[in-house]
Amino acid sequence: MTAQRERATSFGSVAHDYDRMRPGPPEQALDWLIPPSCTTALDLAAGTGLFTRALAARVPEVVAVEPDERMRTVLAQRSPQVRVLDGRAEAIPLPDASVDAVFVSAAWHWFDHPVAVPEIGRVLREGGRLGVLRTNRDRTVDWVFELDRGHAEQPQPSQEHLAGRFRFALPEHSPFGQVETTSFAFTRTMTLDEIVAWLSTYSQFIIADAEEKHARLTRVRELLETQAAGAPTLDVPLTSQCWRTDRLPR
């Protein structure tokens, strides 16, 4: 029981670090994804609410659905203006045709798509928008690629493979029309400590034992110090891949 409590406390701490350190979407991505007529939006698999709060600044009514209690707790604390619900993409706790847009940030690959896509179509009004985005380090930049390769347990694939491995695809006979896609490049200025804390919120660090985690983070810091060459901060190149499609008439 003590070990379970310690593990829960650890993951709760990670949820707070996740919210504090993970990058939010660039404004250009929001401009491109959110339809002008959107008055009610759903952030699906909302995590701690990074994208939720960006939505809430632009859309009058926002609902956030998140299955993980620890993430949901941080989300509710930091987004009091948002309706927060326990749920998942395959069983969305909303009525039919109740939202103008559904957005998924960094979680699309976790869904059971043949089940989740019709469910998303169910809660969308006709013509409603499905927007998907993934914001991450730009691994086409040499030093960022080396940073990821330096802390990985297994050998990493090529830069081209890493840059393009996340794909958005709809199952056959989905209730959606043509898919449009674009990407937005931007940078985030961070201290070396902030970059180390950010990377430590990813699963390969969370699941590692203490000795392994220390060794990997030490390697990360060495690579960052080499790149920074004495500077207190680094401009980290990021990219947001975005996809949008609208619901077909019922």
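## Cavity lining

The residues lining the largest cavity comprise six nonpolar, no polar and one charged (Ala, Val, Leu, Ile, Met, Phe, Trp, Tyr, Cys and Pro count as nonpolar, Asp, Glu, Lys and Arg as charged, and the others, Gly among them, as polar). This is a predicted model, in which local features need pLDDT of at least 70 and side-chain atom pairs count only at pLDDT 80 or more, while totals for chains, interfaces and linings use all residues. Residues are numbered from 1 along each chain as its sequence is written, and side-chain values use heavy atoms, without hydrogens and water.

The lining consists of R137, W143, V144, L147, I195, W198 and V236 (lining residues have an atom within 4 Å of a cavity point; a cavity is a set of points on a 1 Å grid over the protein atoms alone where a 1.4 Å probe fits but cannot get out). At least two lining residues come from each of α6 (142-151) and α8 (192-199), and α6 gives the most, with three residues.

## Nonpolar cores

Within the largest nonpolar core, of 25 residues, L42, L44, V102, W108, F111 and I120 touch the most other members (a core is a set of buried Ala, Val, Leu, Ile, Met, Phe, Trp, Tyr and Cys residues joined through side-chain atoms within 4.5 Å; buried means under 20% relative accessible area with a 1.4 Å probe, protein chains only). The largest share of this core, four residues, is supplied by α5. Another core, of 21 residues, lies apart from it and includes F51, L55, V82 and F184.

Definitions and conventions
1 Å grid on protein atoms, 1.4 Å probe; cavity = no way out; pocket = protein on both sides within 12 Å on 5 of 7 lines; lining within 4 Å. Buried < 20%, exposed > 50% of the residue type's maximum accessible area, 1.4 Å probe, protein only.
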